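Here's a quick briefing on aromatic rings and nonpolar packing. Have a look at the model, then go through the points below.

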Amino acid sequence: MAITLRDSAGSGTVAGSLYCTAGMTIVGTSVALAPVLSGYPVLAGQAWRYLLAGAVLLGALRVSGRRLGRPSRRELGLLILLAATGLAGFNWFLIEGARYADPAFLATVIGATPLVLAVAGPSFAGARIRPLTVAGGVVVASGIVLVQGATSAPLVAVPYAVGFVLCEAAFTLLAASLLRTMDPAHLTTAVCLVAVPLLAALAAVQPGPDLQVPTAAEALVLLYMAVLTTATAFVLWYRGVVTLGADRAGLFTGVMPVAGVVASVVLGTAAWSASALGGAVLCAAGLLIGLGSARHIRSTQAARQSGGSNGLA
C-alpha cells in the first residue's frame, strides 16, 4: 500500500520537496559521469544498470523482511507500460535522436517536462489543474533552457524530441497511478526488473556491439548509476511523487540540470556561465511559485475551518 506523508502543518510538502530534490540531485550528478561510458554500448549498459539496481533493491527488501510480491494484472500492465516508456523508450529516443541532433538539444527539451506534468498530472488523477503550478512549470522550463543552452535541430529530430519528453513524463505519470497500491521501493524494484528484458531486446536489434566487458572505470560508473542514480534516486523521487503529486513533483526536474552543471564544475569538465547561473535562479523561482499553490490551498482550508469554528462558537 502506498504511504502518504501529507499533514495539516505542511511538513509533507517539505518532506516531498526534500525527496525530489535529493533524487534529482543524484540523477544530475550522474550526467557529469556519463562521458566515461561514451565507448560502451548504451542500451546494454542500461540493461546492466537496471538489472543491478533490481538486484540491490531485492536484497534490501529481503533484509528489511519484505518481499516483492506478485502484481495484479492492472499493476503488471502499468509496470510494463512504465518500463517500456519511462525507462527503455526514454533511452531509445535519446540514442536515436542523438543521431540527428546535438545531445544538448535533447537535454534542453527536457525543460518541457515540468509544464507537461503540471497539466497532465491533475488531469490523469481527475483533479483540478493548479494555475500556480503551471506558472511555476513555465518558469522552471525557462530556467532549464538557460542552464542547458538553447540549441536548434533539424526537423527530423523533432519526433525523437517529442517522444523523449513524453517518455520522461510517463516515468512520473504512470508511476503516480501505481503508487496508489505500491510503495516506492516495491515499484522501483519491479519496474527495474521489467525493463531489463526490454532493454536487452532493444540492444540485440541495435546496430553495433551488444555486450562487452567494461573497463574498471566503466564498471564503477555503471555501479554508481545502478545503486545511486537508479535504486536510490528512483525511490526518493517516487516518495516525493506520493507526497506532492505528479504535477508539483515535476517542478523539481529543474534541479537535475543545475546539479549536473555543479558536478561538472567540481570535476573540472565545465565552468560556470552567466546563463547557467541565471537558469539556476529561474528554476529556484519556479519552484517557489509552483509550490506556493500548496500554501494557498492550506491557508484557504485553514480560513474555512476557522470561519466554521467561529460560526459554532
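**Core and rings at a glance**

The largest nonpolar core has 70 residues, and Tyr50, Leu82, Leu187, Trp237, Tyr238 and Phe252 are the ones with the most contacts inside it. Helix α9 gives this core its largest share, 11 residues. Keep in mind that this is a predicted model. On the aromatic side, the structure holds seven aromatic pairs.

**The Tyr50–Phe234 pair**

- The ring centres of Tyr50 and Phe234 sit 6.4 Å apart with the planes at 40°, so this pair is tilted.
- Tyr50 belongs to helix α2 (residues 42-63) and Phe234 to helix α9 (residues 216-244), so the pair ties together parts 184 residues apart in sequence.
- Both Tyr50 and Phe234 are buried.

- Ring pairs join Tyr50 and Phe234 with Phe171 and Tyr238 in a cluster.
- What does Tyr50 touch, leaving aside its neighbours within four places in sequence? Its contacts are Leu87, Asn91, Cys192, Ala195, Val196, Leu199, Thr230 and Phe234.

**The Trp92–Phe93 pair**

- For Trp92 and Phe93, the ring centres are 5.2 Å apart and the planes are at 80°; that angle is over 60 degrees, so the pair is edge-to-face.
- Trp92 has 28% relative accessibility, so it counts as partly exposed.

**A charge over a ring**

- Arg239 lies over the face of Tyr19, at 5.9 Å from the ring centre.

Notes
Residues numbered from 1 in each chain as written. Predicted model: local features only at pLDDT ≥ 70, side-chain atom pairs only at ≥ 80, totals over all residues. Heavy atoms only, no water. Phe/Tyr/Trp six-rings, centres within 6.5 Å; stacked < 30°, edge-to-face > 60°. Helix = DSSP H or I, 4+ residues; strand = E, 2+ residues; numbered from the N terminus. Buried < 20%, exposed > 50% of the residue type's maximum accessible area, 1.4 Å probe, protein only. Lys NZ or Arg CZ within 6 Å of the ring centre and 35° of its normal. Core = buried A, V, L, I, M, F, W, Y, C linked by side-chain atoms within 4.5 Å. Contact = heavy atoms within 4.5 Å.
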